[in-house]
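Biologist: Please put the model up, and then we can go through its charged side chains.

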Amino acid sequence: MSTADASTNESTDPRAVASDLVSQLKRSQQRLILAESCTCGAAAAAIGSIPGASNVFCGSAVTYRETTKQAWLGITTIDLAQFTAESQEITNQMAAAVLQNTPDATIAAAITGHLGPDAPSALDGVIFIAVQQREQPLQATRIQLQSQSRQDRQTEATIQLLSAIRQGISPKLS
């Protein structure tokens with residue numbers, strides 16, 4: 001798992017990053033599925049705003065609550081108790097599950113995190129991202145966001161998720 005500081009963003013507009021991502025997905029002949037928690041579907045909205053996204057975007061499972069993670073993605077009560085819903089382990093499981101449940105997708109990404117204001121101090125502003133391409137090792141990242149407000153953190157987390165997917169795409173082998 002890599003740990004990153006969020007100050008390396010190339011754009012502050014999720015739609016700009018999404019546009020680049022959609023182009024990259026088209027070039028690499030990949031199809032994407034998401035499992036979003038703390039971004040509440042913002043990454044899907046950014047991708048869906050790009051013309052032609054339907055050719056490469058399968059959708060997003062917005063699994064904000066633990067019970068939804070369990071019902072939709074098969075995350076167990078035991079794992080949630082052991083790791084918490086906002087952890088790298090659960091994020092990794094979310095990416096793997098949403099990819100398994102979406103046969104058309106070739107790459108999945110998931111995000112969880114604590115955006116505040118009531119987050120534990122050690123995890124305040126920390127997000128976890130997992131990118132899983134079929135038959136490739138999962139890429140896990142922990143990021144400390146730089147923004148302070150919940151809304152700004154959600155935008156920053158969305159950009160980080162979209163950027164991580166871009167970095168995780170390998171060309172599809174024919």
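**Charged pairs and helix packing**

Modeller: The side chains of Glu156 and Ser147 are joined by a polar contact of 2.5 Å. A polar contact is a pair of N or O atoms within 3.5 Å; within protein, one must be able to donate a hydrogen and the other to accept it, and residues adjacent in sequence count only if both atoms are side-chain atoms. This is a predicted model, where local features need pLDDT of at least 70 and side-chain atom pairs count only at pLDDT 80 or more, while totals for chains, interfaces and linings use all residues. Residues are numbered from 1 along each chain as its sequence is written, and side-chain values use heavy atoms, with hydrogens and water left out.

Biologist: Which side chain of opposite charge is nearest to Glu156?

Modeller: Glu156 lies in helix H6 (helices, H or I, at least four residues, and strands, E, at least two, are DSSP runs numbered from the N terminus). Glu156 is buried but has no salt bridge. Buried means under 20% relative accessible area, exposed over 50%, partly exposed in between (1.4 Å probe, protein chains only); a salt bridge is a side-chain nitrogen of Lys or Arg within 4 Å of a carboxyl oxygen of Asp or Glu. With Lys and Arg counted as positive, Asp and Glu as negative, and His and the chain ends not counted, the nearest side chain of opposite charge, 6.4 Å away, is Arg153.

Biologist: With which residue does Arg153 form a salt bridge?

Modeller: Arg153 is buried, at a relative accessible area of 4%. The closest N and O atoms are 2.7 Å apart, and the partner is Asp124.

Biologist: How many residues apart in sequence are the parts tied together by Arg166 and Asp20?

Modeller: The side chains of Arg166 and Asp20 meet in a salt bridge at 3.9 Å, N to O. Arg166 lies in helix H6 (residues 150–168) and Asp20 in helix H1 (residues 14–28), so the separation of the parts tied together is 146 residues.

Biologist: At roughly what angle do the axes of H1 and H6 cross?

Modeller: Axes are lines fitted to C-alpha atoms, for helices over the stretch in contact, and angles run from 0 to 180 degrees between N-to-C directions. The axes of H1 and H6 come within 9 Å. H1 and H6 are roughly parallel to each other (angles under 35 degrees; over 145 is roughly antiparallel, 65 to 115 roughly perpendicular, the rest oblique). The crossing angle is roughly 15 degrees.
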